[in-house]
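Biologist: I have just opened this one and could use a guided look. Can you take me through it while I ask as we go?

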Amino acid sequence: MSASNANRRPSVSASDPPTFIPIPANTRGIPASSFGPLSPVATTGTSPLASYASYGTSPQGPGSHNRQRSTSSAAFGIARQLTAFLPADYPLDEEPEHEGPNGGSAKKQGKIKVLLLENINLDAANFLKNAGYEVDHFAKAFSEEELLQKLPNYQAIGIRSKTKITKKVIDANPQLLVIGCFCIGTNQVDLDSAAKKGIAVFNSPFSNSRSVAELVISEIIALSRQLTDRSGELKQGIWNKVSKGCWEIRGKTLGIVGYGHIGAQLSVLAEAFGMSVIYYDVIPIMPLGTARQVDTLEDLLSKSDFVTLHVPEIPDTIGMMGALEFSQMKNGAYFINNARGKVVDLDALADALESKHLAGAAVDVFPREPGSNGPGFDGSLGSFIPRLRQLNNLILTPHIGGSTEEAQRAIGSEVATALVRYLNYGTTLGSVNFPEVDLRAITAQDERHIRLCFVHRNEPGVLKVVNNILSDHNIEKQFSDSKGDIAYLMADISGVGHEEVADIYTQIKRTQANILTRLLY
């Protein structure tokens, strides 16, 4: 080892926080998530960007992995707890008066408040509480009116698929810093409006993949054996033992529309049952096993005994399955949708089932869904609902594709951790609307260091202006990236006195391209 390497202070990554949320035993042999080995130490009375007192940052072992990449894999130092600078006019509900450690006034402090909706996993709520945040947890979704009324009291919000964060909601909440989507999709959030207001959005695109794939397999078997009809008949006291129209799935062809993480896992499971698998995707994708990609959706529909959708809701996919597409399916085929409600014309599906062109279907998602559990799945959500409820061999489920204990814990862990990383350290790894930027942590040895987290419009000359403001200080590390019209700069500056923080904050915030300025120190 060279002398320079021997004297170099080991780096710490802020992107690998510790495990806290318990995940069920890994019975499937999937590589463990690479959260650090230690639990966070909860802090109280900290700033809105409360952090851990310390944590280990190394991965759990050679089998660990994470979709979020870290700029450093070594972990030998101790990350320093950072506090957000708050200007004198920052509104706080309560601010205790006390002196700083060296006399004079202490840093202005307050707590981040987090609103969690739609019955987000309680382990995630406890994780955020133990990170020092104030958390309010609700089982139901909020309407736009409820968000406009209540969200101004919070700096962060966690939702699933039913709550809609619209431009109107975003514009009315300038205090909002981050949105966590505790699910795969993010179409319920106006991502562009959020980015333009400096609000980062995080989701969990892979954590429930296995749960959805297993549900589809169960639906394929249930449809081919008419299980729901037979079960319903017995509950009505009717014994109806039949074999006509009931099939094994071995040797049948499964057509997968969208060969992403769910589609690929489903492909492997289906082949284990002896099915042949074909798939259609808008980009060429290497198949798993003996699956085969086809060139067109029509080609897939005409060859498949079972068709299952696994696509996002985007302009190109809305209404992608209508009367024409159902007519292109085999007579007696089965249709399954666990993707998004608006990608299927459900009136056209009802027509195909009523005419017996399709032998059965399973639908887990709908264009409009009730905001909470209980009565309400009726014609008020669409004229097709009463028709669907009367059809035989049709499995209707209330958007439960990812509703397993394992999936919800994994989603809660991933998204809650992403929120803490962003609020406490500024890292945007995994954000869906921000550039992905990260720096190794400021350690306990780094006295008089501050971290600049600067969201700005992607315009020429911005970094020159910022660097001129910081020219009297040493920029220890810096990382900037852009995504469309939005750019994000993280920079760690050393040799900054407490009395200089307010001036740096004010100067950078007043720059022409500023969207959001945060200083952590």
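Biologist: Which residues do ring pairs link into a cluster?
Modeller: Ring pairs link F202, Y422, F434 and Y488 into a cluster; rings of Phe, Tyr and Trp (its six-membered ring) pair if their centres lie within 6.5 Å, and planes under 30 degrees apart count as stacked, over 60 as edge-to-face and the rest as tilted. Please keep in mind that this is a predicted model, where local features need pLDDT of at least 70 and side-chain atom pairs count only at pLDDT 80 or more, while totals for chains, interfaces and linings use all residues. Residues are numbered from 1 along each chain as its sequence is written, and side-chain values use heavy atoms, with hydrogens and water left out.

Biologist: How many aromatic pairs does the structure hold?
Modeller: There are 8 aromatic pairs in the structure. One of them joins F138 and F142, a tilted pair with 5.3 Å centre to centre and 55° between the planes.

Biologist: And is F142 buried or exposed?
Modeller: F142 is buried, with a relative accessible area of 4%, whereas F138 is partly exposed at 31%; buried means under 20% relative accessible area, exposed over 50%, and partly exposed in between (1.4 Å probe, protein chains only).

Biologist: What kind of pair do F326 and F335 form?
Modeller: F326 and F335 form an edge-to-face pair, 5.1 Å centre to centre with 90° between the planes. F326 is buried at a relative accessible area of 2%, and F335 is buried too, at 0%.

Biologist: Switching to the sheet, in what order do the strands come?
Modeller: The order is β2-β1-β3-β4-β5, an open sheet of 5 strands with parallel pairing, where two strands pair if DSSP finds at least two bridges between them. Helices (H or I, at least four residues) and strands (E, at least two) are DSSP runs, numbered from the N terminus. The edge strands, each pairing on one side only, are β2 (134–137) and β5 (200–202).

Biologist: Over how many bridges do β3 and β4 pair?
Modeller: Strand β3 (residues 156–159) and strand β4 (residues 178–181) pair over 4 bridges, and A156 stands opposite V178 in β4.

Biologist: Last topic, why is α6 described as largely enclosed?
Modeller: Helix α6 is largely enclosed by the rest of the structure because 12 of its 16 residues are buried, among them V212, L215 and I220. Just after α6, Q226 takes a positive phi of about 55°.
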